[in-house]
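Reader: I have not looked at this structure before. Could we go through a few of its residues and its ligand, one at a time?

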Amino acid sequence: MKDYREINRANWDERAPAHAASPDYNLQGFIDDPGHISQVVLFDRPLLGDISGLRGVHLQCHIGTDTISLSRLGALMTGLDFSPASIERARSLVASTGDDVDFVESDVYDAAQALDGEQFDLVFTGIGALCWLPSISRWAATVAALLKPGGRLFIREGHPMLWSLDYARPDGLLVVSSPYFERVEPEVWEEGGTYVETTAVFTANTTHEWNHGLGEIVTALLAEGLQITGLVEHDSVPWEAQPGQMTKDDQGEWRLTDRPWRLPASYTLQAVRL
Ligand SMILES: C[S@@+](CC[C@H](N)C(=O)[O-])C[C@H]1O[C@@H](n2cnc3c(N)ncnc32)[C@H](O)[C@@H]1O
């Protein structure tokens with residue numbers, strides 16, 4: 001039986017080149033315009049505030065577009081991801097753009113060691129990150145170890161309520177079909193596609209994923225001695241999480257077309273290490 005990391009890494013390694021080539025990640029935009037910032041980070045900006053001069057780490061940075069965006073807002077950034085193909089694309093992107101950003105290949109739970117015990121002013125993560133991790137307590141311990149006293153966690157993530165919904169209902173109903181709370185056993189998915197526009201054909205299609213309830217996330221951070229400084233739920237998310245039932249706005253955010261106020265689609269959580 002393969003370890004969940006091996007299974008998920010194979011899936012991400014195959015998707016990273018397709019994502020890098022997709023118009024949705026718009027790598028050319030980062031190369032052509034040194035002021036270009038991803039839509040994800042543009043959305044975060046009002047809550048993120050001024051990050052200039054901060055030393056930051058971006059956990060599960062994928063191909064580096066949000067990491068570079070944070071660097072362009074003035075933070076000194078390192079991105080970390082366990083997928084060699086993602087890290088390779090991220091490094092090749094900064095080689096083309098000239099942004100001063102480092103990328104480290106590591107499992108998120110091994111981040112403190114992989115980053116040589118360095119502590120940061122800002123830990124940034126999210127948008128499809130927590131669902132790959134079996135234990136939210138272990139993640140919170142990792143975050144705490146990476147923060148300096150006074151350092152801040154910023155996460156904007158798909159809402160656990162959204163993750164619990166069936167996303168392929170032909171009748172347009174919102175139906176809870178997957179766990180809301182963390183369970184030991186993963187949800188095992190078999191999906192040939194990905195979330196960007198691509199013609200690529202994939203073979204590593206199995207993933208192992210976990211949900212974590214909002215209360216579990218907050219409680220795990222509190223247990224590590226972090227103080228929660230902000231928790232905002234949003235009615236939108238930056239991908240079409242309920243295909244056929246959502247409408248995209250000018251900022252690239254998707255929300256339910258019919259009565260979007262029914263569903264918390266994502267949230268922004270901020271916490272400070274005391
Ligand atoms: C959906 S992406 C993150 C999205 C990112 N916000 C973006 O769009 O650029 C999820 C990332 O998590 C990484 N990942 C999954 N499990 C991981 C783990 N255990 N340790 C480190 N990275 C992991 C994957 O390689 C992938 O790059």
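**Buried residues, cysteines and the ligand**

Author: Gly79 counts as buried, at a relative accessibility of 0%. The model is a predicted one.

Reader: In which strand is the place of Gly79?

Author: Gly79 is in contact with His58, Cys61, Thr67, Asp102, Phe103 and Val104, leaving aside its neighbours within four places in sequence. Gly79 and His62 are 17 residues apart in sequence, and their C-alpha atoms are 8.2 Å apart in space. The element that holds Gly79 spans residues 76–81 and is strand β2.

Reader: Cys61 is among the contacts of Gly79. How many disulfides does the structure hold?

Author: A disulfide is a covalent bond between the sulfur atoms of two cysteines. The cysteine sulfur closest to that of Cys61 is in Cys131, and because it is 15 Å away, it is too far for a bond. Cys131 is likewise in no disulfide. The number of disulfides in the structure is 0.

Reader: Is Cys131 buried or exposed?

Author: The cut-off for buried is under 20% relative accessible area. Cys61 has 4% relative accessibility, so Cys61 counts as buried. Cys131 has a relative accessible area of 6%, so the word for Cys131 is buried.

Reader: Where is the place of Ser164, and which backbone oxygen does its side chain reach?

Author: Ser164 is in the loop between α8 (160–163) and β6 (187–190). Ser164 is buried, as its relative accessible area is 0%. Leaving aside neighbours within four places in sequence, its contacts include Val175, Pro179, Tyr180 and Asn211. At 2.7 Å, its side chain reaches the backbone oxygen of Met161.

Reader: How do the residues of the shell around the ligand divide into nonpolar, polar and charged?

Author: The ligand is surrounded by 19 residues, and the closest are Tyr25, His62, Asp81, Asp107 and Val108. The shell divides into 9 nonpolar, 7 polar and 3 charged residues.

Reader: What part of the area that the ligand exposes when taken alone does the protein bury?

Author: The side chain of Gln60 has an N or O atom 3.3 Å from an oxygen atom of the ligand. On the backbone side, an N or O atom of Phe82 lies 3.2 Å from a ligand nitrogen, and one of Gly126 lies 3.3 Å from a ligand nitrogen. Taken alone the ligand exposes 600 Å², and the part of that which the protein buries is 97%.

Terms used. Residues numbered from 1 in each chain as written. Predicted model: local features only at pLDDT ≥ 70, side-chain atom pairs only at ≥ 80, totals over all residues. Heavy atoms only, no water. Helix = DSSP H or I, 4+ residues; strand = E, 2+ residues; numbered from the N terminus. Buried < 20%, exposed > 50% of the residue type's maximum accessible area, 1.4 Å probe, protein only. Polar contact = N/O pair within 3.5 Å; in protein donor to acceptor, adjacent residues only side chain to side chain. Contact = heavy atoms within 4.5 Å. Disulfide = S-S within 2.5 Å. Near = heavy atom within 4 Å. Areas by Shrake-Rupley, 256 points an atom, 1.4 Å probe, with all protein chains shown as cover. Nonpolar A, V, L, I, M, F, W, Y, C, P; charged D, E, K, R; others polar.
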